[in-house]
Amino acid sequence: MLAGGVGPAAAAAATATALALGDYALVVSAGIGGGFQPAAPPGSLVVADAIVAADLGAETADGFVPVQELGFGRSVHLPPAELAAQAAEAAGALAAPVLTVSTVTGTAERAAALAARHPLAGAEAMEGFGVAEAAAAHGLPVLEVRGISNAVGPRDRDAWRIGDALAALTAGFRALGPVLVHWGEQHEHRREHRGRP
């Protein structure tokens with residue numbers, strides 16, 4: 001386990017460093033985040049079926065354009081679909097896109113704009129896409145899991161439920177244990193099989 005810092009850049013740097021120094025089968029980005037209402041209320045859990053850099057691109061007169069539509073880069077990483085589905089089922093979580101933002105949403109207008117661009121989004125957080133970029137650079141699959149501490153929208157710290165979000169994350173990882181162990185065993189079996197003459 002690694003505490004990688006706040007934001008996609010710090011998370012990417014910390015993850016890439018750890019991956020360069022060790023041997024891993026899967027990278028998991030976990031933490032708390034804001035939930036899009038009503039799909040992901042505070043105290044619930046979201047497993048990403050897509051990890052999206054929601055503000056990586058350009059503002060134009062016609063609206064936001066993701067970086068890949070500009071002709072370079074990417075703004076979406078897809079966790080292994082079967083793993084994400086199994087993880088969400090085991091943890092009792094919502095399987096939905098998790099948006100990575102560099103600035104946490106603090107207004108109803110920004111929440112509405114994100115929801116309009118990403119109507120299936122379950123949560124927003126600040127690190128997932130950076131972790132996913134580092135994992136991709138090392139050829140590794142990635143999973144993102146978020147305990148929901150607050151609603152995406154106007155900032156109201158009195159309404160945040162960080163304890164409930166951490167409790168959901170803890171319970172979720174207890175339930176995820178067998179899924180992650182099975183994934184690791186499958187990966188090891190595939191790697192051993194490829195290594196045979």
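Contact means that heavy atoms lie within 4.5 Å of each other. The legends below describe a predicted model.

**Figure 1. Contacts across the sequence of the protein chain.** Contacts between residues at least 6 apart in sequence are considered here, and 78% of them join residues at least 24 apart. Of the 197 residues in the protein chain, 42% are buried.

**Figure 2. Helices and strands of the protein chain.** Five helices and eight strands are present. Followed along the sequence, these elements give the pattern α-β-β-β-β-β-α-β-α-β-α-β-α. The radius of gyration is 17 Å, close to the 16 Å that the globule rule gives for 197 residues, so the protein chain is as compact as a globular protein of that length. The C-alpha trace spans about 60 × 40 × 25 Å along its principal axes.

**Figure 3. The crossing of helices H1 and H4.** Two packed helices are described by the angle between their axes and the distance between the axes. Helix H1 covers residues 8-21 and helix H4 covers residues 128-137; their axes come within 7 Å and cross at roughly 30°. Because angles under 35 degrees count as roughly parallel, H1 and H4 are therefore roughly parallel to each other. The crossing in which H1 passes H4 is right-handed.

**Figure 4. Residues at the contact of H1 with H4.** On the H1 side, the residues are Pro-8, Ala-11, Ala-12, Thr-15, Ala-16 and Leu-19. They meet Gly-130, Val-131, Ala-134 and Ala-135 in H4. By class, this contact has eight nonpolar and two polar residues, and no charged residues.

Key: Residues numbered from 1 in each chain as written. Predicted model: local features only at pLDDT ≥ 70, side-chain atom pairs only at ≥ 80, totals over all residues. Heavy atoms only, no water. Axes fitted to C-alpha atoms, helices over the stretch in contact; angles between N-to-C directions. Helix = DSSP H or I, 4+ residues; strand = E, 2+ residues; numbered from the N terminus. Parallel < 35°, antiparallel > 145°, perpendicular 65-115°, else oblique. Left-handed = near helix turned anticlockwise from the far one by under 90°. Nonpolar A, V, L, I, M, F, W, Y, C, P; charged D, E, K, R; others polar. Rg over C-alpha atoms; globule rule 2.2 N^0.38 Å. Buried < 20%, exposed > 50% of the residue type's maximum accessible area, 1.4 Å probe, protein only.
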